[in-house]
Amino acid sequence: MLNRRKFLTSTAAVGAAGFAALHFTPALAQDAPQIQIFVPAAPGGGWDQTARTIDQVLRSEKLISGSQITNVGGAGGTVGLPQFVNQWKGKGNSMMVAGMVMVGAIIANKAANNLTEVTPIARLTGEFEALVVPAESPFKTAADFVAALKADPTKVPVAGGSAGGSDHILFGLIAKTAGVPAANLSYVPFAGGGEALSALLGNQVAAGISGYGEFSEQVKAGALRLLAISADKRQDGIDAPTLKEAGIDVELFNWRGVFAPPGVSDDDKAAMIKLVETMAKSDAWATECKNRNWTSILLAGDDYAKFVTEDTARIGAILKDLGLA
Amino acid sequence: MDTLSHLAHGFAVAFTPTNLLWCLVGTTLGTAIGVLPGLGPALTIALLLPITYQVAPEASFILFAGIYYGAMYGGSTTSILLNTPGESATIVTALEGNRMARSGRGGAALATSAIGSFVAGTLGTMGVAFLAPTVVKYALKFGPAEYFSLMVLAFITVSAVLGSSSVRGLTSLFVGFVIGMIGVDLQTGQPRFTFGTAELLDGVDVIIVAVGLFAVGETLYMASRRYAGKDEIVPLKGSLYMTAAEWARSWKPWLRGAAIGFPIGAMPAGGAEIPTFLSYAIEKKLSKHKEEFGTVGAIEGVAGPEAANNASAAGVLVPMLTLGLPTSATAAIMLSAFQSYGINPGPLLLTAQANLVWGLIASLFIANVILVVLNLPLIGLWVRLLKIPAPQLYAGILVFATVGTYGISQSPIDLAILYLLGAAGFLMRRFDFPTAPVIIGMILGPLAETQFRRAMTIENGDWTVFFRHPLSLTLLTLAFVGLVGPHIWAWIEHKRTRGPEHVPGDA
């Protein structure tokens, strides 16, 4: 009995020690500020990874002494947003990670709060999207794909993420440019990247649209063919034209950025913009972006605010065409 | 033979003292979070992601794999003892496991689930090591049409858990469908049954429903009967662990559970819940002790599903390691951990990162051993929980269920749902409606719906697709045979024996 108890306490101790080691971080220089990051999504997703990478880089660059990350997940960020707007009002040294997905979710869910209520700090990263087909597909180029779409959109099922998300939006934009009515599209939404990918590898759909990073390894291995990417210009090491080069006048970045709460002072806002800009220009940030297939598309302050307004209008229009707004 | 030398190399990686320690930490942590409803392996690994900045890739993946397997072991403990499933994959375990605990065989239920998990986990891991490339080829053949047909087959087989009255069972099943539909519809982006509540847009977590109906409902029911009933503590009957008869009844369900769980886990949309339902239904059909199901608790009904969920946990790793396909929340987060090391998980992972992958697979074998060694001695401690007098025990369950639910998303709305469902569970018990079909309906209903609509979108509304695809046709035929087979068989038997007219019962 004693042995068993001893065994139990020692395992518990190992567990506890492990946990403590993981969560204990030595305090850094005292003059650097403490910040709070609000993530309107559950741990693990894109915004959460962005927040944790921001935290990591800020700390390794000694720009902050520490940070606290709060996750309030749900409904594309529209559960967390009201909380950030109401409960975090006026808090300096705090920011929320959000992005294009939230713009779409606010419109589609007819949410009570929107991004005009928070203080834009900076756009940080973007993931351009990729249009791919299975290796055996008859489509060799993006033009082939568009031609088939024009001939009969119902015969070209396209896999992607949830309805109204960035993948669906890009499909809508491509169809719009090609003059195909959005209502006739055959879009097959999948819950996670893995499921959409397996539908493509199993040859169950004609094409797929998702963030380039979801497909990059399959493309390198030759299991998928990359027809085009939605970036603004050709990318190093990616052997595919942009949609624009392929004759489809569409450009789309699934962007992510940070916002301060409403009602922060001008000084706090300026300090936050400076902090984020310094971080985004650091080498450590560049390395993280490279590892994660994020394109750095830094845009700060008022320019960012203007961009958010324009993007909201663009996304609103295409969601209306797709019957989602 | 190539595989064996890779595996040997993997063990060399995993057997370093540091990596063994990480494995131990991971399995211990995993068991703990498996016990808590709400805290799942996906969330835990997500919270631990920052350690990828500090330690070597091998060490962090060994830690994550330990958490992943550990959670599968731990989840069954609370299902059996407290009727409070810690993970969605252990919901079925509660059905027979908790009955066994209440008839004094809690130790045996825990033992069969721990040893069954070990057996199936080891078989599953061997499957990952030796069969992965073959299995994944077949798994990819499963498209929406095949999944829908698989769901049809699942619906037919799980009718076994509907209980004695089909009308009541089906009522519960449809209640589950409705709960499962709450939230934004994936196919169209439209909210359903959300009544303008933003918190409901993502749907209701199946764990909350299971804990509400099983644990809270049960607690309310016990409380309501306190005046009439007498306070009894069930004494432990027989050996603490399994008797020879229980071993004999367990080993076949373990193997069958592993055989069902691994391939379904390897399918991109397979999941861990469906194999547990199927295993339970099959064990109930094959058991020589049918009368124990739903009464005193049948050990087969614990052994099979527990083996199935561990084998499916191994199966999930197949598409992840061979193709870089994340098919569960946990796998997705593990893949994002690969990325923070600058490793892009894809079809070349197995060759480009052989050290890492084989070290991971070897550590899975070790994790299984550690887990069974960790869990068997704990049984003696766990069963003492059952010696707590009912009022205190049920109060504890209520606290545990509340804290666990709040832990899922820190949302008060979730707590309201928990207690509403608890009240519903109480009424269902009071009026003799089975609660398990609600959970089954909630999991299978939306899956079947989604796959059906996907198949229709892809085929432009041509429903013959379900008969044109050979795999789909096979599954539908199996379902059809399962549905009418027993009736035809009974009719033939009846003709042959010319026995007295069958009196239709209420079943």
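**Domains, an interface and a helix**

Author: In this predicted model, 14 residues of domain 1 of chain A are in contact with 15 residues of domain 2 of chain A.

Reader: What makes a pair of residues count as in contact here?

Author: Their C-beta atoms have to lie within 7 Å. On the domain 1 side, the elements giving two or more residues are α4 (100–108), β9 (253–260) and α11 (301–321) of chain A. By class, that side has 8 nonpolar, 5 polar and 1 charged.

Reader: And which residues make up domain 1 and domain 2 of chain A?

Author: The domain assignment gives 34–126 + 253–322 for domain 1 and 128–246 for domain 2. Their C-alpha centres are 27 Å apart.

Reader: How many residues of chain B are in contact with chain A?

Author: 53 of them, facing 51 residues of chain A. Elements giving two or more residues to the chain B side include α2 (17–35), α12 (300–323) and α18 (436–458) of chain B. That side splits into 33 nonpolar, 16 polar and 4 charged residues.

Reader: Why is α7(B) called largely enclosed by the rest of the structure?

Author: Being buried takes 20 or more other C-beta atoms within 10 Å of a residue's own. In α7(B), 13 of the 15 residues are buried, so the helix counts as largely enclosed.

Reader: What span is expected for helix α7 of chain B, and what does it reach?

Author: At 1.5 Å a residue, 21 Å is expected for residues 144–158 of chain B. From first C-alpha to last, helix α7 of chain B reaches 21 Å, close to that expected value.

Definitions and conventions
Residues numbered from 1 in each chain as written. Chains lettered and ligands numbered in written order. Predicted model: local features only at pLDDT ≥ 70, side-chain atom pairs only at ≥ 80, totals over all residues. Helix = DSSP H or I, 4+ residues; strand = E, 2+ residues; numbered from the N terminus. Expected span 1.5 Å × (residues − 1). Buried ≥ 20, exposed ≤ 12 C-beta atoms within 10 Å, placed from the backbone. Domains from an automatic or database assignment. Contact = placed C-beta atoms within 7 Å. Nonpolar A, V, L, I, M, F, W, Y, C, P; charged D, E, K, R; others polar.
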